[in-house]
Amino acid sequence: MTIRFRTIFIVLIVFTILVASAPFTLGLGATALTYEGKCYGFTDGVWECPWYEYAAMQIFWSGLFTLPFAVYLFSCWLVTIGFWFIKRRTSMPDRLSLWQGILVFVFGCLGGALLISALPILINIYYKFQHIYWKIVP
């Protein structure tokens, strides 16, 4: 049994559209369900605010919630494009066997987990270099 790249690309495009639209959908849905005329800050307390300011905060926090899904999806895209480049020079350039199609999502999930795990390490390295740079250059 084989899977066409077109099918995998369509599935990934649908997932990409869902992940890209999720912050707006979740944020506006949360605004519609929970807006009471007040905004709540982390350390700022409570203040009166219009609905669009409340919605903007809800969309921001929903975007942070969907960030890990976007990283996993990015990893799946990388694996799919890698398989596509490898298969272009074979006798069946537009198809993957079933086990290779499953590997796209398995490697995508593993790669996404590695990227998510490496993100704090990379941020830490960036800030250490920035701290060293500002000690050297006043």
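Me: Cys39 and Cys49, buried or exposed?
Reply: Both Cys39 and Cys49 are buried, where buried means under 20% relative accessible area, exposed over 50%, and partly exposed in between (1.4 Å probe, protein chains only). This is a predicted model, in which local features need pLDDT of at least 70 and side-chain atom pairs count only at pLDDT 80 or more, while totals for chains, interfaces and linings use all residues. Residues are numbered from 1 along each chain as its sequence is written, and side-chain values use heavy atoms, with hydrogens and water left out.

Me: What joins Cys39 to Cys49?
Reply: A disulfide, with an S to S distance of 1.9 Å; the term stands for a pair of cysteine sulfur atoms within 2.5 Å. The structure holds 1 disulfide.

Me: Which parts does the pair tie together?
Reply: Cys39 lies in strand 2 (residues 38-40) and Cys49 in the loop between strand 3 (46-48) and helix 2 (51-87), so the parts tied together are 10 residues apart in sequence. Helices (H or I, at least four residues) and strands (E, at least two) are DSSP runs, numbered from the N terminus.

Me: Why is the disulfide right-handed?
Reply: Because the torsion about the S-S bond of Cys39 and Cys49 is about 85 degrees.

Me: Changing topic. Which residues make the nonpolar surface patch?
Reply: Ile121, Leu122, Ile125, Phe129, Ile132, Tyr133, Trp134, Ile136 and Val137, over about 960 Å². Like charges are joined within 9 Å, and nonpolar side chains (Val, Leu, Ile, Met, Phe, Trp, Tyr) within 5 Å. Areas come from the Shrake-Rupley method with a 1.4 Å probe; for residues, only the protein chains shown count as cover.

Me: And where is Phe129 found?
Reply: Phe129 is in helix 3 (residues 98-136) and is exposed, at 58% relative accessible area.

Me: What pattern does the protein follow along the sequence?
Reply: The order is β-α-β-β-α-β-α, with 3 helices and 4 strands.

Me: How many of the 138 residues count as buried, in percent?
Reply: 22%. The C-alpha atoms fill a box of roughly 65 × 50 × 20 Å along the principal axes.

Definitions and conventions. Patches are made of residues with over 30% relative accessible area and no salt bridge: like charges are joined within 9 Å, nonpolar side chains (Val, Leu, Ile, Met, Phe, Trp, Tyr) within 5 Å. A salt bridge is a side-chain nitrogen of Lys or Arg within 4 Å of a carboxyl oxygen of Asp or Glu.
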